[in-house]
Amino acid sequence: MQYRPALNKMKPYVPGEQPPPGKFIKLNTNENPYPPPAEVVKAIQSAATGPINRYPDPMATSFRRAAADALGLPGPEWVLAGNGSDEILTLLVRGFVGEGESLRLPYPSYILYRTLADIQGANWEQVPFDEPWELPQAFGQSRDDLKLVLLPNPNSPSGTVVPKQQISELAESLDCPLVVDEAYADFAEDNCLDLVQSNERILVTRTLSKSYGLAGIRFGFLVAQPHIVAELTKIKDSYNCDAISIAAATAAMGCQDWLSDVVEKMNATRQRMADRLSAMGFAVTPSHANFVWCQHPEGKHAEIHQYLKQSQILIRYMDFPDWGDGLRISVGTDEQIDACLLMMERAMQSLNMPLPA
Ligand SMILES: *Cc1c(COP(=O)(O)O)cnc(C)c1O
């Protein structure tokens with residue numbers, strides 16, 4: 001079979017493991033351990049019994065209004081809805097990066113960006129973070145063939161943030177758009193939404209998969225200046241979001257009090273988890289997201305991951321070539337995290353790793 005050469009060359013993106021529900025304590029893909037608010041479930045039920053024989057609103061207008069209200073944006077025309085923020089990222093790469101052109105990402109970060117470049121037949125350039133997770137000068141250098149720069153903020157797997165002032169300076173020094181992927185921004189102290197209004201080259205992506213507990217419905221969105229939203233609308237599928245997910249996402253935007261409560265609860269669990277991992281001898285990167293990145297001086301991360309998996313606890317083992325490996329553990333409920341930490345201690349015992357008394 002003859003495919004495009006770009007396809008023959010590319011390696012597939014491998015998402016985190018999704019086992020059948022119930023079997024594992026699942027701390028590997030940064031989902032919310034808590035169910036979404038009751039209003040959202042009600043909205044899903046009512047959409048499912050609604051006119052489902054009809055196509056949905058192609059622009060998800062109800063959602064865009066609700067998002068603009070909740071986030072204090074000038075209006076719905078600043079929002080583009082997508083089938084997960086992964087679709088928004090696809091549209092951005094498709095819209096800005098042509099065959100043979102380049103996009104830039106930091107390293108280690110979200111590997112999907114590379115896959116999106118590969119699909120386009122475009123090049124990707126990885127700029128390694130300086131220690132401790134700071135962006136080097138090179139990340140802001142413009143170049144003729146560079147058409148898009150992507151920065152997860154907070155970053156994954158580190159959970160670290162690049163300060164807003166620096167993002168603003170980056171956008172000034174680049175002459176292509178800078179995508180700030182704010183998948184985890186609800187867990188952080190600050191975000192870049194207001195920068196979008198002062199600089200057309202700053203584009204913010206958000207998702208309902210993490211903080212809102214809605215990974216199963218697939219909904220994300222872009223916040224950008226209206227002319228950019230209009231242009232990208234030309235290349236999206238006409239009905240990229242379905243009626244049920246639009247109803248759920250619209251209701252979710254009205255649940256800002258629920259959101260702050262759940263974020264407060266999860267951030268408290270994150271702190272407990274980080275403290276205990278440090279006490280167990282791990283180097284823990286201070287996180288502003290709903291996961292924690294940790295590394296043990298003795299390594300054995302793959303072995304610990306495997307031990308936990310056999311005990312029905314899934315965390316993420318990540319190995320970044322030329323950089324190093326470690327464990328990324330999503331914030332679960334307190335009970336889930338206690339079970340995970342207990343099993344990690346057992347793993348360390350069985351691997352003859354030192355454990356503080
Ligand atoms: C989870 C994640 C996304 C994807 O979110 P979806 O809306 O579920 O597609 C995007 N970017 C980063 C950095 C993520 O971790």
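**Close-up views of a predicted model**

The ligand sits in the largest pocket. The model shown in these views is predicted.

**View 1. The shell around the ligand.** The residues that surround the ligand are Gly84, Ser85, Asp86, Tyr110, Asp181, Ala183, Tyr184, Thr207, Ser209, Lys210 and Arg218. Sorted by class, this shell has three nonpolar, four polar and four charged residues. Tyr110, Ala183 and Tyr184 belong to the shell and count as nonpolar.

View 2. An N or O atom in the side chain of Tyr184 is 2.5 Å from an oxygen atom of the ligand. For the side chain of Ser209, the distance from an N or O atom to a ligand oxygen is 2.6 Å. In Lys210, a side-chain N or O atom is 3.1 Å from an oxygen atom of the ligand. On its own, the ligand has 390 Å² of accessible area, and the protein covers 92% of it.

**View 3. The whole chain, for orientation.** The protein chain has twelve helices and 13 strands. Its radius of gyration is 21 Å, close to the 21 Å from the globule rule for 357 residues, so the chain is as compact as a globular protein of that length. The C-alpha trace spans about 60 × 50 × 50 Å along its principal axes.

**View 4. The cis bond at Pro108.** Most peptide bonds are trans. The bond from Tyr107 to Pro108 is cis, with omega near -5°. Pro108 lies in a loop, with strand 3 (102-107) on one side and helix 5 (112-120) on the other.

**View 5. The cis bond at Pro132.** The peptide bond that joins Glu131 to Pro132 is cis too, and its omega is near -15°. Pro132 is in the loop between strand 4 (123-128) and strand 5 (146-152).

**View 6. Positive phi at Ala60.** Most residues other than glycine have a negative phi. Ala60 is not a glycine, yet its phi is positive, at about 50°. This residue, Ala60, is found in the loop between helix 2 (38-48) and helix 3 (61-71).

Note on methods
Residues are numbered from 1 along each chain as its sequence is written. This is a predicted model: local features need pLDDT of at least 70, side-chain atom pairs count only at pLDDT 80 or more; totals for chains, interfaces and linings use all residues. Side-chain values use heavy atoms; hydrogens and water are left out. A residue is near a molecule or strand if one of its heavy atoms lies within 4 Å of it. A polar contact is a pair of N or O atoms within 3.5 Å; within protein, one must be able to donate a hydrogen and the other to accept it, and residues adjacent in sequence count only if both atoms are side-chain atoms. Accessible areas come from the Shrake-Rupley method with a 1.4 Å probe; for residues, only the protein chains shown count as cover. On a 1 Å grid over the protein atoms alone, a cavity is a set of points where a 1.4 Å probe fits but cannot get out, and a pocket is an open set with protein on both sides within 12 Å along at least five of seven lines; lining residues have an atom within 4 Å of a point. A molecule sits in a cavity or pocket if more than half of its atoms lie within 2 Å of its grid points. Helices (H or I, at least four residues) and strands (E, at least two) are DSSP runs, numbered from the N terminus. The radius of gyration is taken over C-alpha atoms; the globule rule is 2.2 Å times the number of residues to the power 0.38.
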